[in-house]
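Take a look at the model below. We will walk through its confidence, its rings and its helices.

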Amino acid sequence: FPLSRTVGLWSESWRAAEEWLGQAERRLKELAPRVRRGGDYDAWDLEARLGFLGAARLTLALEEHGAGRQMLRFRARPRWLLSRWVPLLALAGASFWALLEGGWIAGGVLGALALAGTAAGLHDNGAALAAALDCIAGLPGAKMVKR
């Protein structure tokens with residue numbers, strides 16, 4: 001299920017944040033068809049899109065522990081592409097209206113379409129989040145502390 005997660009990685013060798021993100025981006029491009037970097041003023045570092053309705057965003061925080069050791073904390077969270085969910089909300093609203101007016105068949109069909117679209121959206125967000133978490137887990141030079 002697409003819920004935010006924080007993952008900790010421990011590294012015994014120092015690298016710049018840009019280097020860690022570059023490695024993560026290359027790995028993520030193997031898992032997701034569309035990957036982009038956040039800008040200087042964005043609150044996220046990498047975004048992976050899988051499917052039409054979902055994406056996941058990664059944010060990196062580095063803790064320096066001296067002698068070249070680092071703790072990397074990645075936050076992976078789903079990104080709900082709200083503008084793409086509007087048709088599903090319209091279907092759900094039309095289904096509700098049809099049911100209120102006694103149109104059981106139309107309401108059922110529209111409701112089933114809305115539910116199917118919602119399930120597809122949950123799948124897209126979950127798949128994007130799973131790709132982001134797999135990308136983090138596979139970073140060379142760092143071992144997982146918490147997932």
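Strand E6 (residues 143-146) has the lowest mean pLDDT among the elements, 78. Strand E3 (residues 46-49) has the highest, 93. Here pLDDT is the predictor's confidence in each residue, from 0 to 100. Strands (E, at least two residues) and helices (H or I, at least four) are DSSP runs, numbered from the N terminus. The protein's mean pLDDT is 90, and 99% of its residues reach 70 or more.

This is a predicted model: local features need pLDDT of at least 70, side-chain atom pairs count only at pLDDT 80 or more, and totals for chains, interfaces and linings use all residues. Residues are numbered from 1 along each chain as its sequence is written, and side-chain values use heavy atoms, without hydrogens and water.

Now the rings. Rings of Phe, Tyr and Trp (its six-membered ring) pair if their centres lie within 6.5 Å; planes under 30 degrees apart are stacked, over 60 edge-to-face, the rest tilted. The count is one aromatic pair. Tryptophan 80 and tryptophan 85 form it, edge-to-face, with 5.6 Å centre to centre and 65° between the planes. Tryptophan 85 has 12% relative accessibility, so it counts as buried (under 20% relative accessible area; exposed is over 50%, partly exposed in between, with a 1.4 Å probe and protein chains only). Tryptophan 80, at 36%, is therefore partly exposed.

Last, the helices. Helix H2 (residues 82-100) and helix H3 (residues 104-137) pack at about 155°, with axes 8 Å apart. Axes are lines fitted to C-alpha atoms, for helices over the stretch in contact, and angles run from 0 to 180 degrees between N-to-C directions. So H2 is roughly antiparallel to H3 (over 145 degrees; under 35 is roughly parallel, 65 to 115 roughly perpendicular, the rest oblique).
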